[in-house]
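Please keep the sequence and the 3D view open side by side. Then work through this note point by point.

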Amino acid sequence: MKVLVEDPLREAERIEGMVTRRRGGTLLRAYFMIGYNKPYTGKAVLAGMTGCNMRCIYCMWPPRNLRPRRVREESLLTPRQAAEKIIAAAKENNLSAAKIGGGEPTIGWEHTISLIRILEEESSLNLVLETNGIIPAVRGDIAEDISTTRRLVVRVSIKAATPEMFQKITRVPSAYFDYPFRFMERLVDSGVEPSRIKPVIMISFEDPRVVARLGERLAEIDYRLIRNAEPEIVLAYPDTLRRMKRYGRRLRPSPFDYPWDEEDRYMTLF
Ligand code: SF4
């Protein structure tokens, strides 16, 4: 599978230039949705920020949400405007949680942390930040900022169990495989309680025995992260399935399909 983004940190800078605007002292950020749509958002309001520095083959969002050619003026919001929309959507749908994701919400971090602070101050919503962990692996200020929040839970997406599969799934070089783990290290070192860190592990592509080895890497950071880990499977949205077909990628028939003895059949499809 071809690498599409050679340097996801440089790509994040490029995307940030497109999806943010500074007005006065405030950083505005483009959103592709703020609201509730059960199949996509679960039991939470989703604040979906435009732009991402990865190209995951299973991503459920269309390319225009992740690498827009141009951003519409009305999609650009201040942190306060975004917070007001999130709180209103939660009230309207009787929800008690909000997911801040995207896209990649650490692109334009200054905006995102202001949004989180407003929501913590002015609502009782349970807050979840969903990140691919690449940018905050190299920026210590993000973990430091998170350590000063009160109830934010951070879901860190672990796209694959090996560097090779990481590259195939994200189309970012395998050298970045360890970055989400480095981010979790930063969070723990900054004093974020491990119960607020959730590694979310994609299990739709690999042998469960290989996936299970990730436990060793998590235990190196803090053994409690193993307990917090959540499995993630590819959701069968029509767009996602169409894209997977185009890439010749098949999902494992079932996430718990033991014994796993046909590994080669799946691995050679790339
Ligand atoms: S990191 Fe998330 S938003 Fe970005 S391409 Fe991958 S699945 Fe999509």
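The points below go from the whole chain to single residues.

1. **Whole chain.** This is a predicted model. The protein chain has 14 helices and 9 strands. It holds 270 residues, and buried ones make up 54% of them.

2. **Surface.** The protein chain exposes about 12800 Å². Carbon and sulfur atoms supply 49% of that area.

3. **Core.** The largest nonpolar core has 80 residues. Which residues have the most contacts inside it? They are Leu-115, Ile-146, Phe-183, Met-184 and Phe-205.

4. **Phe-183.** Look at this core residue on its own. Set aside its neighbours within four places in sequence. Phe-183 is then in contact with Thr-131, Gly-133, Pro-136, Ala-137, Ile-142, Ala-143, Ile-146, Val-154 and Val-156. One of these partners, Ile-146, is also on the list of core residues with the most contacts.

5. **Ligand.** Which residues surround the ligand? The shell consists of Cys-52, Met-54, Cys-56, Cys-59, Leu-66, Gly-103, Asn-132 and Lys-159. By type, the shell divides into 5 nonpolar, 2 polar and 1 charged.

6. **Helix 8.** This helix covers residues 163–170. Its buried residues are Met-165, Phe-166, Ile-169 and Thr-170. Seen down the helix axis, they fall within an arc of 115 degrees, so they line one face of helix 8. After helix 8 comes Arg-171, with a positive phi near 60 degrees.

7. **Asn-65.** This residue lies in helix 3, residues 63–66. Is Asn-65 buried or exposed? Its relative accessibility is 10%, and buried means under 20%, so Asn-65 counts as buried. Not counting residues up to four places away in sequence, Asn-65 touches Phe-32, Thr-50 and Gly-51.

8. **Asp-222.** Where does Asp-222 lie? It sits in the loop between helix 11 (214–221) and helix 12 (224–228). Asp-222 is buried, because its relative accessible area of 11% is under the 20% limit. Leaving aside neighbours within four places in sequence, Asp-222 is in contact with Val-188 and Pro-194.

Terms used. Residues are numbered from 1 along each chain as its sequence is written. This is a predicted model: local features need pLDDT of at least 70, side-chain atom pairs count only at pLDDT 80 or more; totals for chains, interfaces and linings use all residues. Side-chain values use heavy atoms; hydrogens and water are left out. Helices (H or I, at least four residues) and strands (E, at least two) are DSSP runs, numbered from the N terminus. Buried means under 20% relative accessible area, exposed over 50%, partly exposed in between (1.4 Å probe, protein chains only). Contact means heavy atoms within 4.5 Å. A residue is near a molecule or strand if one of its heavy atoms lies within 4 Å of it. Ala, Val, Leu, Ile, Met, Phe, Trp, Tyr, Cys and Pro count as nonpolar, Asp, Glu, Lys and Arg as charged, and the others, Gly among them, as polar. The arc is that of the directions from the helix axis to the C-beta atoms. Accessible areas come from the Shrake-Rupley method with a 1.4 Å probe; for residues, only the protein chains shown count as cover. A nonpolar core is a set of buried Ala, Val, Leu, Ile, Met, Phe, Trp, Tyr and Cys residues joined through side-chain atoms within 4.5 Å.
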